[in-house]
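Open the model in your viewer and keep the selection panel at hand. The tour below goes stop by stop.

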Amino acid sequence: MSVGVIMLVHTALDRAEQAIRHWVDGGCPVVVHVDRKVEPKQYASFVDALSDLETVQFSRRHTCDWGTWALVAATQDAATQLLDSFPKVRHVYLASGACLPLRPVSELGAYLDARPETDFIESSTTADVPWTVGGLDKERFTLRFPFSWRRHRKIFDLYVKLQQLIRFRRRIPDGVIPHMGSQWWCLTRQTLSAILKDPKRPAHDRYFRKVWIPDESYFQTMARLHSTKIESRSLTLSKFDYQGKPHIFYDDHLAMLQRSGCFVARKIWHRASKLYDAFPEPLNGVKGLVEPNPSSVDRVFANAVDRRTRGRPGLYMQSRFPTIDRENAVTVGPYSVLQGLAETFEGFEAWLANQTGADVHGHLYAPDRAHFADQSGVYIGGLSDDPTLRDYNAKMFLTNLLWNTRGTHQAFQFGPTDTQTINWMIAKDTNARITVVAGAWIIPLFRARQTFSDIRREAARLQRIEHKQLKILRSPFAKARVRVQTLAEFVRSPMDTLQTIVDEMSGQPRPRLTEVPNMVDLSGFGAFLQELRNQGMHPFLTGEFPTDFDVRPDDHPHRKPYLVR
């Protein structure tokens, strides 16, 4: 009995009962909180249905509204009861009634037994991660939110505007640095007990009682005060759309969930009978202590978001009803913008120029100068590499370069370290061919000889910049041909992307590549990313890398797969 479960339930009680039985069959005691809004008769029937299970208890009920303190209070009460009633529990797993174990519960227990002092909780500062949707990130900790956003929307908005008008600002308790992350965590008994028995808990509770969405910040912040070892990730697979709403898993997600290797997933549709029949999977000696691999489903959901926000050409739908922005092409002909590839491969620019015969520039919008392909100070048409002259009209700098070199395909490197004023221009230009390896800017930081605090600060800054840029590239107003891959996706299968770039720049399909540049040495890269997470900076743009990810620089993709340990 090394794992205990807290389950928050408010609907689909029959499916919640089924999930509870899975947990109990796996040897886990469960303390259930049922929302007070559930009718008494329905609640009594639910309790009676589970009365045959000796290790299932019910905690004091609260009326829970999304984004309010009641969710935290319900979790606190259930956690206290679980720790008091089951002294052998070493890890406490927070789940909802819509969560479903995917792998055998015993495998989760073995995985946690191998990490007895590790807390699994997503915990990042708002300064490092711009993932909030709705415009309130830092303000959720400095304003007061006594009203329910869902039940009293107008009062909620008016009260926020009033506080902003009078410049009201709450005092954050001494020693508290607000962190945010997924509500669904797995904490050790030691950490959870320290949070619940903290002498300063009354002051902390008073403060977080008026924080917006405290269930995504209370335990995430308190864990930073009491944990000795945090892995900043959730063991529950959950995905969110571009509006911040959770994706729901249906029967046709069965194969995808099986590939993920994750222990638990949410939200499962209550009528997804195939999923409830298929999971948890039977014991499989092959999987053992295999790491969960949520990155295997990232591309599916990225495509779903892309389809939702951009739709299919010619199909008009409410979610993307067009705003007319009619103009001729901003530039004279096709050109390529390459982001993240020069950071990933050694000698990439020279290799690409040799493959295509194009002019392959470095970072034309670098802070120090424009890095022209021939490394000259003045390029064709009298364009200077001086950054002041270039940035005086960054748009015309590019249009002039393309006009003066028409007939030869131009390509240049770009990234979050460069001047960002041309983002909207290239995004709306039908001639632009933009390839982005998101998160590749972290490779130079990984290889840099700097203090880790400086690396963490710079990584957070560059991630914020690229995050804003990607929003522009994915805007419904963008007309460029855009390809975006996370770094994790790219390093596992770079050949198709390189082949597409070469074909595109050559103007016609080319023979399959037989020569590619060496990838930079990424030995220890997975551990580096995990350490960033452990320090509170979540590099979400890179995609998910296993902590034991390792790539040797001499592993060419045309000879054999990259070595992953």
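Is Arg481 buried, partly exposed or exposed? Arg481 is partly exposed, because its relative accessibility is 44%. Here buried means under 20% relative accessible area, exposed means over 50%, and partly exposed lies in between (1.4 Å probe, protein chains only).

This is a predicted model, in which local features need pLDDT of at least 70, side-chain atom pairs count only at pLDDT 80 or more, and totals for chains, interfaces and linings use all residues. Residues are numbered from 1 along each chain as its sequence is written, and side-chain values use heavy atoms, with hydrogens and water left out.

**Whole chain**

Show the cartoon. The chain has 22 helices and 17 strands. Helices (H or I, at least four residues) and strands (E, at least two) are DSSP runs, numbered from the N terminus. Of the 565 residues, 53% are buried. Contact means heavy atoms within 4.5 Å. Among contacts between residues at least 6 apart in sequence, 76% join residues at least 24 apart. Now switch to the surface. The chain exposes about 25,900 Å², with 51% supplied by carbon and sulfur atoms. Accessible areas come from the Shrake-Rupley method with a 1.4 Å probe; for residues, only the protein chains shown count as cover.

**Salt bridges**

Glu504 lies in helix α21 (residues 495-506) and Arg481 in strand β17 (residues 481-486), so the pair ties together parts 23 residues apart in sequence. Glu504 is buried, at 17% relative accessible area. A salt bridge is a side-chain nitrogen of Lys or Arg within 4 Å of a carboxyl oxygen of Asp or Glu. The whole structure has 20 salt bridges.

Select Asp385 and Arg369. They form a salt bridge, with the closest N and O atoms 2.9 Å apart. Asp385 sits in the loop between β14 (383-384) and α15 (387-392), and Arg369 in the loop between β12 (359-363) and β13 (378-379), so the pair links parts 16 residues apart in sequence. Asp385 is buried at 16%. Arg369 is buried at 19%.

Next, pick Arg233 and Glu231. Their salt bridge spans 2.8 Å, N to O. Both residues are buried.

**Two threonines**

Select Thr68, in the loop between β3 (56-58) and α3 (70-85). Thr68 is buried, with 18% relative accessible area. Beyond residues up to four places away in sequence, Thr68 touches Ser148, Pro214 and Asp215. Thr68 and Val211 are 143 residues apart in sequence, and 8.0 Å apart in space, C-alpha to C-alpha.

Move to Thr75 in helix α3. Thr75 is buried, at 3% relative accessibility. Leaving aside neighbours within four places in sequence, its contacts are Ile6, Leu8, Leu94, Trp185 and Phe219.

**Surface patches**

Leu162, Leu165, Ile166 and Phe168 make a nonpolar patch of about 420 Å². Patches are made of residues with over 30% relative accessible area and no salt bridge: like charges are joined within 9 Å, nonpolar side chains (Val, Leu, Ile, Met, Phe, Trp, Tyr) within 5 Å. Phe168 is in the loop between α6 (153-165) and β7 (186-188). Phe168 is partly exposed, at 33% relative accessible area.

Last stop: Lys138, Arg169, Arg464, Lys468 and Lys471. They gather in a patch of positive charge on the surface. Lys and Arg count as positive and Asp and Glu as negative; His and the chain ends are not counted. The place of a charge is taken as NZ of Lys, CZ of Arg, CG of Asp or CD of Glu. Lys138 is in the loop between β6 (119-120) and α5 (139-142).
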